[in-house]
Amino acid sequence: MIIILIPLFFLFVQQAQAEGLVPCGRTNDPNATSKEKQPCQFCHIFILFQKILKFLFFEIVPVLAILMIAVAGMYFIFAGGQPGNIGKAKEILTNTAIALLIIYGAWLLINLFFMVIGVNEVDFTNFKNGWFQIDCQIK
C-alpha cells in the first residue's frame with residue numbers, strides 16, 4: 001500500500017518555484033529579477049511567513065489528508081466485519097476532518113491578522129494569484 005501511495009505524494013506536490021522564500025536581497029545573483037534585487041525590508045518577514053504557510057497549507061496538508069483518507073478506506077475494506085477496524089476507520093476519518101477544520105481555520109485567522117495589521121492586500125477579483133497578497137513597497 002505504501003508503495004502505491006508514496007508516488008501519489010509526488011504527483012500532488014508541484015515543482016518548486018524559482019523565486020526564493022524571501023524575494024529580496026539577491027544582489028549578487030545575475031539571474032535575479034529587479035524585484036528580487038531590492039533590499040530586504042521588515043515586511044519581507046511577512047512574505048517569508050506567508051510562503052511557508054502557503055506551502056504547508058496547500059502543498060503538504062492536502063496530500064496528508066488524502067493519505068489518511070486512503071488509510072481509513074483500507075481499514076474499511078479490510079475490516080472483514082470486525083467492529084474494531086471499522087471503528088478505527090471512522091476515527092481516522094473524523095480526526096482528519098477535524099484536523100482540516102483546525103488547519104484551515106487557523107489559515108483564515110492568520111490572514112485576518114495580516115489584513116488587520118495592514119500588510120495583506122485583499123483582492124477578491126484576482127483569484128489567479130490568490131485572494132491575498134503581501135506587497136512590500138520599496139522605500
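A crossing of two helices is called left-handed if the near helix is turned anticlockwise from the far one by less than a right angle, and right-handed if it is turned clockwise.

The model on your screen is predicted, so local features need pLDDT of at least 70 and side-chain atom pairs count only at pLDDT 80 or more, while totals for chains, interfaces and linings use all residues. Residues are numbered from 1 along each chain as its sequence is written, and side-chain values use heavy atoms, with hydrogens and water left out.

**Select the whole protein chain.** Coloured by secondary structure, the protein chain comes to three helices and two strands, arranged along the sequence as α-α-α-β-β; here helices (H or I, at least four residues) and strands (E, at least two) are DSSP runs, numbered from the N terminus. Of its 139 residues, 24% count as buried, where buried means under 20% relative accessible area, exposed over 50%, and partly exposed in between, with a 1.4 Å probe and protein chains only.

**Select residues 43-77 and then 83-117.** These are helix H2 and helix H3, whose axes come within 9 Å and cross at roughly 165°; the axes are lines fitted to C-alpha atoms, for helices over the stretch in contact, and angles run from 0 to 180 degrees between N-to-C directions. H2 is therefore roughly antiparallel to H3, since angles over 145 degrees count as roughly antiparallel, under 35 as roughly parallel, 65 to 115 as roughly perpendicular and the rest as oblique. The crossing of H2 and H3 is left-handed, and the residues of their contact divide into 25 nonpolar, three polar and two charged.

**Select Thr96.** Thr96 is found in helix H3 and counts as buried, at 10% relative accessibility. Leaving aside neighbours within four places in sequence, Thr96 is in contact (heavy atoms within 4.5 Å) with Ala65, Met68 and Ile69.

**Finish at Trp107.** Trp107 lies in helix H3 and is buried, with a relative accessible area of 12%. The C-alpha atoms of Trp107 and Leu53 are separated by 7.9 Å, although these residues are 54 residues apart along the chain.

Methods:
Nonpolar A, V, L, I, M, F, W, Y, C, P; charged D, E, K, R; others polar.
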